[in-house]
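Take a look at the model below. The report then walks through a few of its features, one at a time.

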Amino acid sequence: MTIAPRLLEWFDRNGRKNLPWQQDISPYRVWVSEIMLQQTQVQTVIPYYHRFMQALPTVQDLAAASEDAVMHLWTGLGYYSRARNLRRSAQIICSEFGGEFPNDVERLSELPGVGRSTAGAIVSIAFQRRAAILDGNVKRVLARVHAVDGYPGVTSVARELWERAEQHTPEVRVADYTQAIMDLGATLCSRTKPACGICPLVDDCQAHELGTIAQFPGKKPPKVLPVKRTQMLMIGNSAQELLLEKRPPTGIWSGLWIFPQADAGADPIAYCSDQLGIEVELLERWREYRHTFSHYHLDIEPVRLRLKHAPPTVMEPERHLWYNLRAPAAVGLAAPVAKLLEKLA
DNA sequence: AAGTCGGGGAG
DNA sequence: CTCCCAGACTT
């Protein structure tokens, strides 16, 4: 049994065909879209995708761009290693493959940031060669159609879903099929309130037959997020510029620029003197607020400070930047920094 | 197998 | 608040 014929018939009448990455299809355009869409909703990606493709229309442009320029285009989108890997992969494609994308899952998966599902999407959509995908939408559709119990993060559950994905993927019209099953998951077969009444797969759906749609797919086991605290130091100079630091290449906000951070409870003036070698005076403290990541909460205490003397020599130009609000540098900013800069402006 | 990595939309 | 999104990678 395969769901492909009914899915394709539904797709012809109801599928999405006007998404930005569905126009002028090329491996590069499909690849960029698939990376942006990892763990990120379509409506969030669209404006980023337009800006990115306008700034860097070819893989050669991306390979030649500076890391700061790419991070700037990614600011606010999250999972910033995607942007760094995207640039690295572009350089590999240009230097090792002569600017041509591999057209098979095995070689595409060797590119940093491209896993099995993303490779399958590129192969099926850009090259129209048979390859299965298994993203969040497909997991939900297949878990329901086959009543696959358990959380897909568990290896055995993922393995069964991959088998089902391979089983249903057709030889013909594979690009349309890939788009169709994602569209079904994103529209009718949604996480809450699925529209089973108009679903083309309702007669194939074991979860619907069981009357337990809401049980599929299995939920992620909840865990309590730890809470971390920090002060963000908004240090202004006499030119109305703000001091930013570049994050190291690994860890949270890697490659982005942030305000200097002092431990919660520490004296920010002493921190500036000891760690930055600058003398500052306190202007005001803003209300603490919570920024939440996938794996912890960060309670941020914003502090406004003013530089008392001219910048010292200890500050390293590679790691420090005076950010001018009226002529902002094209660098990547962590979301809380962008938010605080907005409030300062 | 479990942890790391972001930010936002929807309920 | 909770839950999860066109996941990949490291430990």
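## Contacts with the DNA

A backbone N or O atom of Gly-76 sits 3.5 Å from a sugar or linking oxygen of DNA strand B. This model is predicted, so keep that in mind as you read. Two further residues make contacts of this kind with DNA strand B. Tyr-79 uses a backbone N or O atom, whereas Gln-41 uses a polar side-chain atom. The table sets out the distances.

| Residue | Protein atom | Partner in DNA strand B | Distance |
|---|---|---|---|
| Gly-76 | backbone N or O | sugar or linking oxygen | 3.5 Å |
| Tyr-79 | backbone N or O | sugar or linking oxygen | 2.8 Å |
| Gln-41 | polar side-chain atom | sugar or linking oxygen | 3.5 Å |

Now widen the view. How many residues surround DNA strand B? There are 18. The closest are Tyr-79, Thr-155, Trp-253, His-291 and Ser-294. By class, the surface near DNA strand B has eleven polar and seven nonpolar residues. Charged residues are absent from that surface.

## Helix α14

Helix α14 spans residues 335-344. Pro-336, Val-337, Leu-340 and Leu-341 are buried in this helix. Why do these buried residues line one face of α14? Seen down the helix axis, they fall within an arc of 135°, so they share one face. On the other side of α14, Glu-342 and Lys-343 are exposed.

## Aromatic pairs

The structure holds six aromatic pairs. One joins Phe-52 and Trp-74, whose ring centres are 6.1 Å apart. Their planes meet at 85°, so the pair is edge-to-face. Phe-52 lies in helix α3 (residues 42-55) and Trp-74 in helix α5 (residues 67-74). The pair therefore ties together parts that are 22 residues apart in sequence.

Are these two residues buried or exposed? Phe-52 has 0% relative accessibility, so it counts as buried. Trp-74 also has 0% relative accessibility, so Trp-74 counts as buried.

Elsewhere, Tyr-28, Trp-31 and Phe-101 form one aromatic cluster.

Definitions and conventions:
Residues numbered from 1 in each chain as written. Chains lettered and ligands numbered in written order. Predicted model: local features only at pLDDT ≥ 70, side-chain atom pairs only at ≥ 80, totals over all residues. Heavy atoms only, no water. Near = heavy atom within 4 Å. Polar contact = N/O pair within 3.5 Å; in protein donor to acceptor, adjacent residues only side chain to side chain. Nonpolar A, V, L, I, M, F, W, Y, C, P; charged D, E, K, R; others polar. Buried < 20%, exposed > 50% of the residue type's maximum accessible area, 1.4 Å probe, protein only. Helix = DSSP H or I, 4+ residues; strand = E, 2+ residues; numbered from the N terminus. Arc of directions from axis to C-beta. Phe/Tyr/Trp six-rings, centres within 6.5 Å; stacked < 30°, edge-to-face > 60°.
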